[in-house]
Every structure is written in C-alpha cells, then in structure tokens.
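Subject: Structure handover

Hi,

Here is the structure I said I would pass on to you.

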Amino acid sequence: MLYEFYEWNHAMLAPMRAVADATRLIYGNPLNPLAHTGMGRTVAAMAEVFERSTRVYGKPEWGLHDTFVDGMRVPVVDRVVWEKPFARLLHFERELPAGRRADPRFLIVAPMSGHYATLLRGTVEALLPYGDVHITDWTDARTVPVAAGRFDLDDYVDYVIEMLRFLGPDTHVIGVCQPAVPVMMAVARMEEDEDPCSPATMTLMGGPIDTRINPTGVNKLAESKGIDWFKQNVIMKVPFPQPGFLREVYPGFLQLTGFMSMNLDRHLIAHKEFFLHLVKHDGDPAEKHRAFYDEYNAVMDLTAEFYLQTVDEVFIKHSLPKGEITHRGHRLDMAKIRRTALLTVEGENDDISGVGQTQAAQTLCSSLPDDMRVHYLQPKVGHYGVFNGSRFRAEIAPRIVDFALTHGGKHGRAPVPVPDRSAEAREPALQPPEALDAAQTQPLAFAAPEAVADDAPAAEVAATEVPTTEVFATETAITPNEPEPAAPVETPVAVADGEAEIVEAGEASALHGHPAHAADTALVPPVLELPVAPAAPPVLADLEAALGAGAEPVPSILPEGFLDTAAGAPTIKGSPKLVKAATRPRRKR
C-alpha cells in the first residue's frame, strides 16, 4: 500500500502545487510592484520551495545541441538507433565534414540504479569532441507493461552484448558504477565465444566488482539485512493507472529517500540557502540549485527481479570475485578476457564503491598482458566525481581517450581533451578554443592542473627536450600507504589569457600520435605556444626624450619597485596602461 499512498499523496497535493506555482508567477512578475520588495520576494520564494519539494520530477532532457571538434562548433543530435522494451541506445550524432578521420567509438553503459541516464550528461559532454558517443537509455520500469516480460541481470547482459554487436568491432565500452559487473560479464561471454564484436577496450569506473574490499555503508547494509529483508520491505507493485500496472518494482521514490537520507543535513542546508538566494534575488546560485535537483530528484523504478538478483549476486554472495557468477546458467570465467584492454578508475573519497573494489577487476582478468591493463586512482574526488565534474574533464576523460587511441585498431588519431581551468566556476559547458593562425593549427596538449613545478623556471623547462613518460603505468594502484609514481617531466604551455599551465609529457606524446606506452626514446613534439605579447617596457631615457622640453614624468604614482635597473638601463615595469599613466606629461603653469 505504500506505493498507492505515495501516489494518492501527490494527487491530493496537486491543487496546492498549482496555487503555489501561480503565487510564484504573480509575485515574481516584474510588472507587480510587490515583486521588487522584500515581502514579495519572500512570498515567491516560499511558493517555489513548496512547489519544488512536492513535485514529481520527470525525465530530464539531454540538452546537448552542439560541441567543438577541431576548433569548430558542430551540431549534435541524439538519435535512437536501437530499441527494446527496457532500453534504448542513443547516438549523439555530430555533423562532421565529409572525409574526416574516424574518432574512437564509445558505448557508455549508464547505471540502472535509480537515476536516468541523463545523470551522465557531463560524461557524454566531455567525450563528444573526441569520440563517437553512444549511451544506454534505460526505461522506467513502471512505464513498461507486464506483457513485455521480465528483465533481470541476465537480460541486462544480453542487452549489452546486443548493443556491442550492433555497433560492431573496435568499440570502447565504458561501465559507470553499477554496470561494471554486467559489462564485465558481457565481455567475458563474448571473449569466450570468440565474438568478433568484442570491444577493443573496457573501462570500469567506480564499480562494485568485489565489495569485500573496503566495504562501504551500502555494502554493509546489504550483507547485514539479507535478500529476504529486501524482498519484504522494498519490493512493491506499480499502482493504477501507470502503464506498468501490477509489475513488481523497486520504486524510485524509495531510492531517492535512501539517497537523501545518507546526507540529509546537506540537503536541508542546500534548500535553506536556495530560499535565501531567492529572497536576495541572487539568480546564479538559485539556477544552479534548480539544475542540480531537477536531475537529482528525477528517479525511475527498477524491475524487482533485476534489483534482487543484483543485490544477491554482487553484494551478498560476491559471486563475481569468487568465480561463481553465471549467465543463463553458464559459469563465466574472467580469465577468458584476452583481447579487450582493461582500464579501471576509482575515486579516492568514494563512499559508494570503496577504493580497491573496482581495481579487483585487474586481478580477475589474469590473462591480460601488462601492457593491456591500467588502473588509475583519482585523488580528491568522491563517487560522483569519478564520472562528472571538473576533475573528470581535466584528468579522467583524457586518460579514457588516450587509452582508446592506444588500443583501438581501426580509428584514426583524435585530439586529447584540453581542460578548462575555469570549469568549476561556471556551469559545465564546452568552450571554443582561442582562434589560431593558419601556422598554428596543430592540436593542443591538455594540462595536468594538479602538477605544477614551482621550483623550475619556465624558460629552462621549455628549452628542454622531454622524453616520453608513461601516462598509464601497469600496476599503478595508488593507495595512501604506497608512494605515488614519479611525476612526469613537465613542459609549460602559454595559453591565450597569459596564464601558464603544465603539460604532462606522456599525455602530450599520446596527443601527437605517440601512444602512452611508446618507447622512452621518443621525443615530445613541440608544444604549441599561443602568443602573449604585452608591450615591452620602454627605456626611461627614451621616455624622457619623448616628453619634450617643459614636461616631466610623474613619479608620485610609481609604486615601490616599479623601476627595474637590473637589466643595465632603468626600465619601467608594469602594464602598458600603467606605464602610460606614469609617464604622461605635465603642463607648466
């Protein structure tokens, strides 16, 4: 009855939400004099907070209409290219020039764990300039009629295999969070069957491969309760008049309640600050709050059979790391994976999939040679930061692209992403690069924002030929008890706004066609320097001559240390505007 009560509650609140929405519009209308008063903004803020707190959020839009490829803005259209009752395959089709080289083809397997695939909007956005991106778009189970049949973990694996066969060979599959397990199962089954459409690479990000390692609160809850508790307390039937009437599901509203209860204090503070921002008419923070919670509060139901089988096999029995996982009754052996290169990514502060749980895939895929396996631990990010946010765009996405370029077999070269240093200060969006001259149209190397050499002069480093270093070293699991690998030699690159950034040599080599695993004797191609040409400080004698008789400099506005005599002749340091102000003539009276 809980699901029915939830639906009745929202139905009864519908008139109140309509009144609240009308109140917000009236008191927010600029033609209303009260809208410009503190009382009017307070009433509008109260109405909006109430309406948003009682709303049933629908599936968000992708909102990805363009991207930048090779410095040009190109349109993007998301098209459904494959469809079954419980999932669709979306292709983000870019309108590229005819005859352009092929980019790596990515299949992102989105988590079927409560939120819609749009939660990975930032993941798709970061890969679009450098790859042909497809993503699984799972269907809300309460919208699928009972006549469509069941959908469990075995069906999930079948869907992934069918999508990989639809896309063809040389596809790079990415499993984000929960799909890490079924993606690994699908690849193992395809490798065992010697399927020609086995993916070229498999990237697993923050996935629960072995939840016995560093168990989190989520892992401990599953083990302590047992599968019978979940069957009795969280499985419900879809009420009338939903299309999936009488289908047994794990409801989305229960999942959202669990998500929010993990950090309830943060959510309460966020809504309080949202209210205060509305009263103060502070638009930017309020808009960011709306965008985040429009996505966060949009949840979907899961089929009961899929949810219970996943909890039982992954979190309670630990069937995958024990070698007992089966697909359609056939036991799968991860050691059969021999042709698909493996990249595992974890977040240092992940409180959903603990550090080491995803890395366990490296041990299970024992037949892979060392040059086909890479593990990367991203410092200072939690679970969400593994696949979204500024550090994902700057440090994780470039590694995924580099790994695909290194182990792909049929695509051409593609540029490595250039991180946006101001990404944390604004809405995530791809920005066009600065316009370059015709002679400078070589791709930019991306920067490593965390590794900055403070003790080496930029000019000395720039003049040094840097040997290629490996971006992805084998067995590079970084834990607090182990020393991090030696930092690669760094080369400064001048950017358009005049700020110095650092380029890792291994990453720069991968950019220009040298794989990250190339021989150490390979040299990094010249790093492009965008010209930053402030006017040179004029010599003081020339300034005095230019002033003419009867004029004199104005020394009173020169700050201490403004004159530089170290170069032989005294020069005035500073910007051209300051130099002009400091040396303007003064008339004699």
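Searching the whole structure turns up 21 aromatic pairs. For these, rings of Phe, Tyr and Trp (the six-membered ring of Trp) pair if their centres lie within 6.5 Å; planes under 30 degrees apart are called stacked, over 60 edge-to-face, and the rest tilted. Tyr 3 and Tyr 6 make an edge-to-face pair, with 6.5 Å between centres and 70° between the planes. These two tyrosines are 3 residues apart in helix H1 (residues 2–28), so about one helical turn separates them. Helices (H or I, at least four residues) and strands (E, at least two) are DSSP runs numbered from the N terminus. Tyr 3 is buried at 1% relative accessibility, while Tyr 6 is partly exposed at 23%. Here buried means under 20% relative accessible area, exposed over 50%, and partly exposed in between (1.4 Å probe, protein chains only).

A word on the source: this is a predicted model, in which local features need pLDDT of at least 70 and side-chain atom pairs count only at pLDDT 80 or more, while totals for chains, interfaces and linings use all residues. Residues are numbered from 1 along each chain as its sequence is written, and side-chain values use heavy atoms, with hydrogens and water left out.

Back to the rings.

Tyr 156 is buried, with a relative accessible area of 0%, and Phe 306 is buried at 2%. Together Tyr 156 and Phe 306 form a stacked pair, 5.4 Å centre to centre with 10° between the planes. Tyr 156 belongs to helix H4 (residues 153–167) and Phe 306 to helix H11 (residues 304–316), so this pair ties together parts that are 150 residues apart in sequence. Both rings are also members of one aromatic cluster, formed by Trp 82, Phe 86, Trp 138, Phe 151, Tyr 156, Tyr 159 and Phe 306.

Now for the salt bridges, of which the structure holds 27. Each is a side-chain nitrogen of Lys or Arg within 4 Å of a carboxyl oxygen of Asp or Glu. Arg 290 bridges to Glu 48, with the closest N and O atoms 2.6 Å apart. Arg 290 lies in helix H10 (residues 283–296) and Glu 48 in helix H2 (residues 38–53), so the pair ties together parts 242 residues apart in sequence. Both of these residues, Arg 290 and Glu 48, are buried.

Lys 84 forms a salt bridge with Glu 162, the closest N and O atoms being 3.0 Å apart. This pair links distant parts of the chain, as Lys 84 is in strand E2 (residues 72–84) and Glu 162 in helix H4, 78 residues apart. Lys 84 is partly exposed at 31%, and Glu 162 is partly exposed at 27%.

For Arg 121 and Glu 295, the salt bridge has its closest N and O atoms 2.9 Å apart. Here too distant parts of the chain are linked: Arg 121 is in helix H3 (residues 121–127) and Glu 295 in helix H10, 174 residues apart. Arg 121 is partly exposed at 22%, whereas Glu 295 is buried at 10%.

Finally, the backbone. Most residues other than glycine have a negative phi, and most peptide bonds are trans. Phe 240 and Pro 241 are joined by a cis peptide bond, with omega about 15°. Pro 241 is in the loop between strand E8 (236–237) and strand E9 (248–250). Glu 194, which is not a glycine, has a positive phi near 55°. Glu 194 falls in the loop between helix H5 (180–192) and strand E7 (201–205), and is exposed at 63% relative accessibility. His 318 also has a positive phi, about 55°. His 318 is in the loop between H11 and strand E11 (326–327), and is buried at 4%.

Best wishes
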